[in-house]
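Thanks for making time. I have a few local features to go through, so please keep the structure in view as I talk.

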Amino acid sequence: MVVAVLLPRFELVIAAGGREVLARGPAALAPEPGREQRVGEVSSSAEAFGVHAGMRLGEALARCPSLALIPPDPMGVADAWDKVLARLESAGAAVESEAPGLAFFDAAALARLHGGRAADDPAAALRARMSAGGAPPWLAGVVTAVRAALRLPARIGAGPSRFCALAGAVRARSRRAELVDGAAALAGEPVALLRRRPEVEALVRPLERLGIGTLGQLAALERPVVADRFGRAGELAYDLALGRDSELKPRQPGEVLEEVLELPESASGVQLGRALVLLVDKLLARRERDGRTLRAVVLGARLVEGGTWRERVVFREPLADATRMRLALGQKLVMLPAPAESLRLTVERFGAVSAGAHALFDDGSAQRTARMREAIRQARAVAGPEAALRVLEVDPDSRVPERQAVLAPYEL
């Protein structure tokens, strides 16, 4: 049994700074700088004008001229959502999350932990109501435990697959979980529900033009006909309409390792590149890394004009070499849409421990470098990460001497 936890308009609420802002009128997330000009999540008052997430900006403004565009805050959203996932995992759930605001987990794994045994269990009323609809008796106890861990108004749905659970969460209210137990329960849902899955999002409008308004009408078609018209995406949409979905792939909870650099002035161009050099060196010098390589990192920035920018970088192979990391991250840094006032580098996934690179023909210089690297490691183990530093020029033309150079970790 899969459970879906839905926090409606999570990205919009975080970017706006609270739900009070959304009560003032129709609002939507503005397109991210440098990305396709489509609005993000929209408020309920904007939906009344026919505006929905993913709509082109021009069409959204034509339908709702008073639409307020809120700058996106991907860094703030990622931080807030990571805290929500940590709360779910504190209840024992192995969580899969495709996007902020929506998470799934297998409830059967928590049945013995939160299912409840006594008849006077606090969740008895909810359990009885859900049992009448065919849900296992332990599910209500799991839902109660999840709500207690979240401490947020969330919509919760359950079903035999990920898409059924999602349909239940969309249908549910904040105090009552909904069970969608298969194709029969999905039949009355609108095909617009497919917008929740990026793989089949583009099929919604063509299906509506063909007069297919519900998932039941889609499921009534023959699979080869749908596949012939829409290809692989059509086959997936057909399976979803029948309540079939792929297996969950829970994330692996990991430690947080990040470095933040506050820039004294709005930085761009060469200054930003030097800030990246310092940031990479400081991250690699952290004792918590313990010799491990980095497989994926997230580069983020807080922009001077407001809002944030965030880019995920997956290295072709696990790296512990500062030069190669700078080359890979520098290509992403040129995409920064505006000057930044702070730069942040976070490790998303670690690789194996670095065994060190060996040249084809070792010579004395390689041995000296290895001894020097070991000496630096031992010095930092005794005196901390600031034991071996080098002078790095950041802004040599600045009139303020303190801004011309900084101390950075010494790396070989």
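Leu407 is exposed, because its relative accessible area is 56%, and the cut-off for exposed is over 50%. Keep in mind that this is a predicted model. Leu407 belongs to strand 13, which runs over residues 405-409. Together with Leu389 and Val391, Leu407 makes a nonpolar surface patch of about 290 Å².

Next, a residue in strand 10. Is Thr308 buried or exposed? Thr308 has 4% relative accessibility, so it counts as buried; the limit for that is under 20%. Thr308 sits in strand 10, residues 308-319. Its side chain has a polar contact with the side chain of Asp73, at 2.7 Å. A polar atom of the Thr308 side chain also lies 3.2 Å from the backbone nitrogen of Met75. If we set aside neighbours within four places in sequence, the residues in contact with Thr308 are Pro72, Asp73, Pro74, Met75 and Gly76, plus Ala301, Arg302 and Leu303.

Last, helix 8, residues 139-150. From first C-alpha to last, its twelve residues reach 17 Å, close to the expected 16 Å at 1.5 Å a residue. How many of the twelve residues are buried? Nine are, so far as cover goes, and helix 8 is mostly covered. Just after helix 8 comes Arg151, with a positive phi of about 55 degrees.

That is what I had; I can take questions now.

Conventions
Residues are numbered from 1 along each chain as its sequence is written. This is a predicted model: local features need pLDDT of at least 70, side-chain atom pairs count only at pLDDT 80 or more; totals for chains, interfaces and linings use all residues. Side-chain values use heavy atoms; hydrogens and water are left out. Helices (H or I, at least four residues) and strands (E, at least two) are DSSP runs, numbered from the N terminus. Buried means under 20% relative accessible area, exposed over 50%, partly exposed in between (1.4 Å probe, protein chains only). A polar contact is a pair of N or O atoms within 3.5 Å; within protein, one must be able to donate a hydrogen and the other to accept it, and residues adjacent in sequence count only if both atoms are side-chain atoms. Contact means heavy atoms within 4.5 Å. The expected span of a helix is 1.5 Å times one less than its number of residues. Patches are made of residues with over 30% relative accessible area and no salt bridge: like charges are joined within 9 Å, nonpolar side chains (Val, Leu, Ile, Met, Phe, Trp, Tyr) within 5 Å. Accessible areas come from the Shrake-Rupley method with a 1.4 Å probe; for residues, only the protein chains shown count as cover. A salt bridge is a side-chain nitrogen of Lys or Arg within 4 Å of a carboxyl oxygen of Asp or Glu.
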